[in-house]
Amino acid sequence: MTTPNRELNQSALNGQASLTNPFGYGISLAGIGAHVPARCISNDDIATLVDTSDEWIQSRTGIKTRYVVSGDESVADLAIEAATQALASAGMEGSEVELIIVASSTPDTIYPAVACQVQTAIGATNAAGFDMALACSGFVYGLIVAQQFLKTGMCKTALVIGADIHSRYTNWHDRNTCILFGDGAGAALLKAEHGAPDNILASDLHLDGAKGMELTLFTQAENCPLVEPKTPVNDYVYMNGREVFKFAVGVVPKSIQEVLNRAGLKIEEIDHVILHQANIRIMQAMSEKLNIPEERLIVNLDRFGNTSAASIPIALNEAVLQGRVKPGDLMVMCGFGAGLAWATSVMRWTAVDQRLPQHLKDEMSQHCNNLKQREAASV
């Protein structure tokens, strides 16, 4: 399913496409935030649990460290902290949020939804919300779903959170999977503004349930004692690494090219590509297929591991705080994984992060002013 905007106008903004919203509401990312647990686990730490080494893990995955929860830390705890950072980034209050979407496949409670726990914690007293389970593609799916609410004018602000804790569902004696996952949360604030340019330019959503059993995480529950018992299942993450690699390298470049075509853009015009941080070999294979220069690929897999739905917003948050992502920059985000599912979106970053030191805020404000002047000149 591809979801482009309906009208395509050529802009003077570096010759790039500018897409206007048919309902009159332009959608932009207003803020970004992230949070990971305090406990960092190194490859050497994992080598005390299974027969492996730092060199073996890095050479196959690109991962050096990852963060994991301890004690009673929950997905909601991580999500709330990420949401708080996103609000600070945008200079907004929780009471301004009207929609909360939490993408998580590892919630601590089936109900209440994580969205409900975030809603009360940040004081979003007027917000509706829900959870969605699409694992590694969940955050980008959530952005695209939120965009639909905003485009129609049903709400003006949306908070989209990707949060997962896979350390509790990992077999720590299986070296093929325990080396991969980290815990964390990332959040993005979206705003709708009447008459403004739409900065989410095109999107692409897909499922391939026929291959869903190549990457699974079953829930373990028992039948009523009055009926035949349920067959026990493996309640750890299972992954057919070879098939998942083939799937990702096969579909993701096509999806990225599709959204670029819909937006009237070329890969050379994209400033940053943020892929789900799954495995460095997967990411390198994709970038080679699309001829993406290394400096345009945002990667922090080495320090955070695979944080599932949180990986893309964690990477974007870090890049924004480093001053690497500037107002006017074009980005492609692509999540892929369990389902099997994948989602891609191309968008323009236009926000000035309020958490930045003053000298960087001044620099980003100037970029923002330049962007507005070019947009005005193109009208």
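Predicted model: local features only at pLDDT ≥ 70, side-chain atom pairs only at ≥ 80, totals over all residues.
Figure 1. Strand E13 comprises residues 272–275 and runs parallel to E14, to which four bridges join it. Val332 is itself buried, on the face of E14 that also carries Leu330, Cys334 and Phe336.

**Figure 2. Burial of strand E14 on both faces.** Strand E14 covers residues 330–337, and eight of its eight residues are buried, so the strand is largely enclosed by the rest of the structure. In a regular strand the side chains alternate between the two faces of the sheet. One side of E14 presents Leu330, Val332, Cys334 and Phe336, and the other presents Met331, Met333, Gly335 and Gly337. Both of these faces are covered.

**Figure 3. The hairpin of strands E14 and E15.** Strand E15 spans residues 341–348 and pairs with E14 in the antiparallel sense, over eight bridges. Within this pairing, Cys334 has Thr344 of E15 as its bridge partner. Three residues lie between the two strands of the hairpin, and Gly339 in the turn has a positive phi of about 145°. The peptide bond that leads from Gly339 to Leu340 is cis, with omega near -15°. Leu340 belongs to the loop between E14 and E15.

Figure 4. The bond from Tyr111 to Pro112 is cis, and its omega is near 5°. Pro112 is placed in the loop that runs between strand E6 (99–103) and helix H4 (114–122). Most residues other than glycine have a negative phi, and most peptide bonds are trans.

**Figure 5. Ala135 and its surroundings.** Ala135 is located in the loop between strand E7 (128–132) and helix H5 (138–151). Its phi is near 50°, a positive value in a residue other than glycine. The relative accessibility of Ala135 is 11%, which is under the 20% cut-off, so the residue counts as buried. When residues up to four places away in sequence are not counted, Ala135 touches Ser105, Asp164, Ser308, Ala309 and Ala338. Thr350, by comparison, is 215 residues from Ala135 in sequence, and the two are 27 Å apart in space, C-alpha to C-alpha.

**Figure 6. Ser308 in the loop between helices H8 and H9.** Ser308 is found between helix H8 (301–304) and helix H9 (311–321). Phi of Ser308 is near 55°, a positive value in a residue that is not glycine. With a relative accessible area of 1%, Ser308 is buried. Ser308 is also one of the residues that Ala135 touches.

Figure 7. Ala146 is part of helix H5. Its relative accessibility is 0%, and the residue therefore counts as buried. Apart from neighbours within four places in sequence, Ala146 is in contact with Leu99, Ile101, Ala158, Val160 and Leu190. Ala158 is twelve residues from Ala146 in sequence, and their C-alpha atoms are 6.4 Å apart in space.

**Figure 8. The protein chain as the setting of the close-up views.** The secondary structure of the chain comes to ten helices and 15 strands. A compact globule of 379 residues would have a radius of gyration near 21 Å, and the value of 20 Å for the protein chain agrees with this. The C-alpha trace spans about 65 × 45 × 40 Å along its principal axes. Of the 379 residues, 55% count as buried. Among contacts with a separation of 6 or more, 77% are between residues 24 or more positions apart. The accessible surface comes to about 16,200 Å², and carbon and sulfur atoms account for 51% of that area. The chain has 28 positive and 41 negative charges, whose mean positions are 6 Å apart.

How values were computed. Residues numbered from 1 in each chain as written. Heavy atoms only, no water. Buried < 20%, exposed > 50% of the residue type's maximum accessible area, 1.4 Å probe, protein only. Pairing = 2+ DSSP bridges. Rg over C-alpha atoms; globule rule 2.2 N^0.38 Å. Contact = heavy atoms within 4.5 Å. Areas by Shrake-Rupley, 256 points an atom, 1.4 Å probe, with all protein chains shown as cover. Lys, Arg positive; Asp, Glu negative; His and termini not counted. Charge placed at Lys NZ, Arg CZ, Asp CG, Glu CD.
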